[in-house]
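Welcome, and please open your viewer with the chain drawn as a cartoon. We will go from stop to stop, selecting a few residues each time.

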Amino acid sequence: MRFDVITIFPELFESPLQVSLVGKAIDGGLLEVEVHNLRNWAPHPHRKVDDAPFGGGAGMVMAPGPVVDAVEEVRRPGGRVIQLSASGEPLTQAMAAELSQQNQLVLVCGRYEGMDDRIQEILGSQEVSIGEYVLAGGEVAALVLIEAVARLVPGVLGNEVSLAEESFTGGLLEYPQYTRPADFRGHKVPDVLLSGNHKLIADWRRQDSALPARSSGGPEPLPRGAQWADLGAAGPVGLGSGTPCTVRLSSFCRAQLARVNLEAPAAGLLAPTRRHRAVKSRSKGEQL
Ligand code: JD8
């Protein structure tokens, strides 16, 4: 898979693309990342890429000329163009998985107050945001996207078992983890994890991250294929098959739901009853 990045700050990409997983994938030839300086397409002698906004207002806007020229030069047939933008579509694990199937992604990084709107119109680009906070430009967001996508490219993640486990869990599996020493400054690792009893450990991990709760947003239908969930320490919550409902689950619950649906789809909804570590789990809750 190939990434072409268009930016006025190519040096921001240097070390993040040299180290760790992404660096190794590039070295191993599984990934190609070329970072292009937008000013190469800017008019001489000033190499200016921005201009004042029509209609007035603070700051400057990225002019369409250099960006469109740059993308048209680096884009290959079938290549997708993504503009990192504070108001774009949120980057999710599902989007990362889909993008990892592409041959080429051209990532356009804005600065200043953003880009002339005609850039998106002309290039047919997808606008993507990495989260609800304001960055000073698209470069760091592009690096986030590259890392999230690259690790899903076959062969990039050394440990393919981790990916299999992730596809099970939606990639967001999280239960408390510990390593040596078993006692650090008087803070002890839970005994169950030292027991060697894999069944007990699996139960502890499941129950420790489970929290059912009613959503504030009102009823919503369960997604297709997700009529029921056996989440381990469970009891029925009294909904018939196909009844619209909302369940708030931690990522681990979601993982279990996926597992159960794959193995034995059936009717009826079960939900976990344990509310251990509810506060922590609540913050991790997500809409199903
Ligand atoms: C691209 C310019 C800054 C954005 C005025 C100054 C992504 N999740 C995200 N947050 N912010 C960005 C992002 C911010 C950018 C640019 C991406 C280009 N800015 C602007 C609009 C408001 N500031 C982002 N992905």
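Start by selecting residues 20-27, which form helix H1; Ser-20 belongs to this helix. Bear in mind along the way that this is a predicted model. Now look at the backbone of Ser-20: its phi is near 60°, a positive value in a residue that is not glycine. Most residues other than glycine have a negative phi, and most peptide bonds are trans.

Select Tyr-112, in the loop that runs between strand S6 (104-109) and helix H4 (118-123). Tyr-112 is another non-glycine residue with a positive phi, again near 60°. Is Tyr-112 buried, partly exposed or exposed? Its relative accessible area is 32%, so Tyr-112 counts as partly exposed, because that class runs between 20% and 50%.

**Two cis peptide bonds**

Next, select His-44 and Pro-45 and show the backbone atoms between them. The peptide bond from His-44 to Pro-45 is cis, with omega near 0°. To place Pro-45 in the fold, find strand S2 (32-37) and strand S3 (50-51) and look in the loop between them.

Then jump to Arg-180 and Pro-181, which are also joined by a cis peptide bond, with omega about 0°. Pro-181 sits in a loop as well, this one between helix H6 (160-169) and strand S8 (183-184).

**The largest pocket**

Now select Leu-84, Ser-85, Ala-86, Ser-87 and Gly-114 together: among the 26 residues that line the largest pocket, these lie nearest its centre. Colour strand S5 (80-90) and strand S7 (126-129), the elements that each give two or more residues to this lining. Which element gives the most to the lining? The answer is S5, with 5 residues.

The volume of the largest pocket is about 440 Å³.

Val-144 is part of helix H5, which spans residues 139-150.

Methods: Residues numbered from 1 in each chain as written. Predicted model: local features only at pLDDT ≥ 70, side-chain atom pairs only at ≥ 80, totals over all residues. Heavy atoms only, no water. 1 Å grid on protein atoms, 1.4 Å probe; cavity = no way out; pocket = protein on both sides within 12 Å on 5 of 7 lines; lining within 4 Å. Points joined across faces, edges and corners; volume = space filled by probe spheres on them. Helix = DSSP H or I, 4+ residues; strand = E, 2+ residues; numbered from the N terminus. Buried < 20%, exposed > 50% of the residue type's maximum accessible area, 1.4 Å probe, protein only.
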